[in-house]
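Here is a short report on one protein model. Look at the sequence and the structure first, then read on.

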Amino acid sequence: MLRIDRVGLTTVQDLGRRGWAHLGVSPSGAADRGSARLANRLVGNDMSAALFETSGGFAFTAMSDVVVVMTGSECAATTATQPIGMCRPVVARRGEQVRMDHLIGGMRTYVAIGGGVQGEALLGSRSHDTLGGIVPVALHEGVQLGTGRAQTSATSLDVVVAPRRIERARLTPGPHEHLFAADLRSRVTRSRLLVSTTSSRVGVRLIGASLDDAVTGELESFPLVRGAVQVTPANELVVMLADHPTTGGYPVIGVVVPEDVDALSQLVGGETVSLAW
């Protein structure tokens with residue numbers, strides 16, 4: 001069991017809920033799937049086990065001995081008796097508080113518990129959907145959460161696996177590329193794009209591309225996928241993340257390859273990145 005002492009910027013996530021887009025339900029799940037999978041592997045969990053995704057300010061007390069590991073962005077974290085290194089499982093003893101304070105150079109840290117975070121699943125997932133307001137496992141001060149039983153023993157890595165620092169995200173062509181000017185690809189590729197501070201689990205907003213002749217007005221609604229790059233009327237590029245809407249009305253110029261979506265989800269507002277086909 002765990003008792004939540006401070007929520008901060010934290011949600012419970014797993015690998016998401018699939019097969020419900022026809023009802024308007026986003027897939028949700030971890031924004032950086034690679035880091036989430038790694039965290040679960042290091043504590044001996046199934047890859048799809050629920051864990052915590054935090055951007056800092058998170059604390060809980062172990063009500064029984066638990067194994068804890070962090071992956072993703074580096075985070076200043078401690079138990080009552082020791083610091084917690086990245087990718088190195090530690091045991092938090094009964095009664096010890098575990099604190100995850102500020103992040104260093106990234107947006108999201110993944111905190112896996114041996115056995116996984118338990119709680120009622122909704123539509124096959126324990127993931128918190130910030131867009132749709134689906135919260136199967138609510139976090140608030142004082143709530144107690146159960147943990148399951150790990151499948152295998154915890155393991156440490158010899159080296160820390162940090163999120164890949166991305167300079168250029170790779171794209172495949174989108175369904176509406178033909179609606180843009182012929183030289184748009186080269187103009188986007190030459191642009192150094194600024195990550196907006198308004199980015200969220202719904203999408204990463206990128207500012208700075210020369211899109212003055214982009215398609216005006218909305219298109220007929222169509223399905224969206226994780227990594228889809230929409231062009232908004234404000235000439236912003238929005239890369240869809242885990243809590244993206246299931247349909248959209250703005251043109252999709254390309255789709256970011258899955259591993260680069262993970263890296264984009266870790267970019268902090270004010271950082272820059274470029275796109276390339």
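The report covers the model, a nonpolar core, a strand and the cysteines.

## The model

This is a predicted model: local features need pLDDT of at least 70, side-chain atom pairs count only at pLDDT 80 or more, and totals for chains, interfaces and linings use all residues. Residues are numbered from 1 along each chain as its sequence is written, and side-chain values use heavy atoms, with hydrogens and water left out.

## The largest core

A nonpolar core is a set of buried Ala, Val, Leu, Ile, Met, Phe, Trp, Tyr and Cys residues joined through side-chain atoms within 4.5 Å. Buried means under 20% relative accessible area, with a 1.4 Å probe and protein chains only. The largest nonpolar core has 27 residues. Phe52, Phe60, Val68, Met100 and Ile113 touch the most other members. Strands (DSSP runs of at least two residues, numbered from the N terminus) that give two or more residues to this core include E4 (58–62) and E7 (97–113).

## Strand E4

Five of the five residues of E4 are buried, so the strand is largely enclosed by the rest of the structure. Phe58, Phe60 and Ala62 point one way, and Ala59 and Thr61 the other.

Strands pair if DSSP finds at least two bridges between them. E4 runs antiparallel to E1, with four bridges. Leucine 2 stands opposite alanine 62. E4 also pairs with E7 in the antiparallel sense, over four bridges. Here phenylalanine 58 stands opposite methionine 100.

## Cysteines

How many disulfides (cysteine sulfur pairs within 2.5 Å) does a search of the whole structure find? It finds zero. The sulfur of cysteine 75 is 13 Å from the closest cysteine sulfur, in cysteine 87, too far for a bond. Cysteine 75 is buried, at 5% relative accessibility. Cysteine 87 is buried at 0%.

Notes: Buried < 20%, exposed > 50% of the residue type's maximum accessible area, 1.4 Å probe, protein only. Disulfide = S-S within 2.5 Å.
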